[in-house]
Amino acid sequence: MNSRDSEHMIAELREKEGYETTDDFKQADLILINTCSVRERPVHKLFSELGGFNKHKKPSAKIGVCGCTASHLGEEIIKKAPYVNFVLGARNVSKITEVLHKNKAVEIDINYDESEFAFKDFRTSAYKGFINISIGCDKACTFCIVPKTRGDEISIPDSLIINEAKRIVATGAKEIFLLGQNVNNYGRRFSSNDHKKVNFSELLRRLSKIEKLERIRFTSPHPFHMDDEFIEEFASNPKICKSMHMPLQSGSTKVLKDMKRGYTKEWFLNRVAKLRSMCPEATISTDIIVGFPGESDEDFAETIDVLNQVKFEQVFSFKYSPRPETEAEHFTNVVDGEVASDRLSFLQSLNNEIIDEKNATLLGNTYRIYFEVLHSDGHAAGRSDNNILVKVKGSEELLGQMKNVKITTIGRTILTGEIVA
Ligand code: SAH
């Protein structure tokens, strides 16, 4: 989502202000730092990075701090780093060309509605295009800062999304990647009542009618909204890539309740079972937080139990990080930092074992790979429909192509293969 916000800012600056991107910040006339604030570490990093940029930048270069940390720290950023020229929140991306011309502007209104703003086009990949389908988040997860930095959830009208998808496909890209905090809650609210209610399954059906569009990916769906219609659409629509992100957060129903996630361990496992029965080739990834306040050894064991039962293809795991303006920030039953770290490493090594075991079974399989990136070691890499990352020996001519690839060597994060007819 942040990457897409950056693309939007670049698009506006290129088209309206004549800027171009550079790889060398010492040459830059404008330095934008697009920040995340989901966990605490990136916030600390911001101020050290700012110091470095300020020291070595061109004297006339402006610095802007954008994104979620901008939303939540606002004015404080300029107080701490007075050389910053403007602060632009995650919900105010469309104002980039305005703040550029105002000294010390701070635009961080989290209720600002840019759900229908016609951003100019700029994409970092020629092969796939990110599309925002909603802004904000309506959930009240007690650990999460996002609703405080990105505001209420508003869906983008389907006509705008479909037009954007058509523009992407017209440039030759074969894949779109839909973005939203809860994509499968799409259609709950639009900024104007004029828009006909379309839910996420219907949006997927409409998008899949676009000729020459071959692959549709999305993130994140919320487990609470994984109804049968959605899973059935996912399983039966051939253009939808068969990889599902299912952010579990915890396997303990008690912890899930304290997190206000809206589902139980049983519901989550039931949805996985439904998905696996309808779509056995689907791979499943997840997000897990360990050390949430009140998480006991028994609660953590429930998370491990889900890991052992589901055997996710990919797990993004985090140690709980208390965030300002969240409910959990005030929870007093804090888990000892060392205990949380031990749980995290236990979970990660178990997950590595699971992945190694699963990957070993892929040797000799053939997948249709859409090549998107070049590696400096003479390989081109891409993903299968179900999100398996594969590289083969090759160069530019493979980029943007779909080829059948037979897996010849197994690795933990990337597999190696060779192209077959
Ligand atoms: N909308 C998505 C989450 C987006 S944030 C959802 O509801 O599932 C991406 C991930 O960051 C979350 O899934 C969660 O695992 C992690 N995260 C969010 N807040 C966190 C916190 N306070 N501490 C640690 N991890 C956190």
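How many bridges join strand E8 to E9? There are 5, and the two strands run parallel. Strand E8 covers residues 175-179. Within this pair, Glu-175 stands opposite Arg-215 in E9. Strands count as paired if DSSP finds at least two bridges between them. Strands (E, at least two residues) and helices (H or I, at least four) are DSSP runs, numbered from the N terminus.

This is a predicted model, in which local features need pLDDT of at least 70, side-chain atom pairs count only at pLDDT 80 or more, and totals for chains, interfaces and linings use all residues. Residues are numbered from 1 along each chain as its sequence is written, and side-chain values use heavy atoms, with hydrogens and water left out.

Now widen the view. E8 and E9 belong to an open sheet of 3 strands, in the order E5-E8-E9, with parallel pairing. E5 (128-132) and E9 (215-219) stand at the edges with a single partner strand each, so one side of each has no neighbour in the sheet. From one strand to the next, the twist averages 20°.

Helices lie across this sheet. Helix H7 (residues 158-170) lies across E5 and E8, at about 165° to E5. Helix H8 (residues 200-208) lies across E8 and E9, at about 155° to E9. Angles run from 0 to 180 degrees between N-to-C directions, and axes are lines fitted to C-alpha atoms, for helices over the stretch in contact.

H9 (residues 228-236) and H11 (residues 265-278) pack at an angle of about 30°, with axes 9 Å apart. That makes H9 roughly parallel to H11, a term for angles under 35 degrees. On the H9 side, the contact (heavy atoms within 4.5 Å) includes Ile-231 and Phe-234. On the H11 side, Leu-275 and Met-278 are among the residues involved.

H11 also meets helix H12 (residues 297-310). Their axes come within 11 Å and cross at roughly 10°. H11 and H12 are therefore roughly parallel to each other. Residues that meet include Phe-268 and Val-272 in H11, and Val-306 and Gln-309 in H12.

Last, turn to strand E17 (residues 415-420). E17 pairs with strand E15 (residues 389-393) in the parallel sense, over 2 bridges. Here Lys-391 stands opposite Thr-416. E17 also pairs with strand E16 (residues 402-409), in the antiparallel sense, over 5 bridges. Val-405 has Ile-419 as its bridge partner in E17. E16 and E17 form a hairpin, with 5 residues between them.

Notes:
Parallel < 35°, antiparallel > 145°, perpendicular 65-115°, else oblique.
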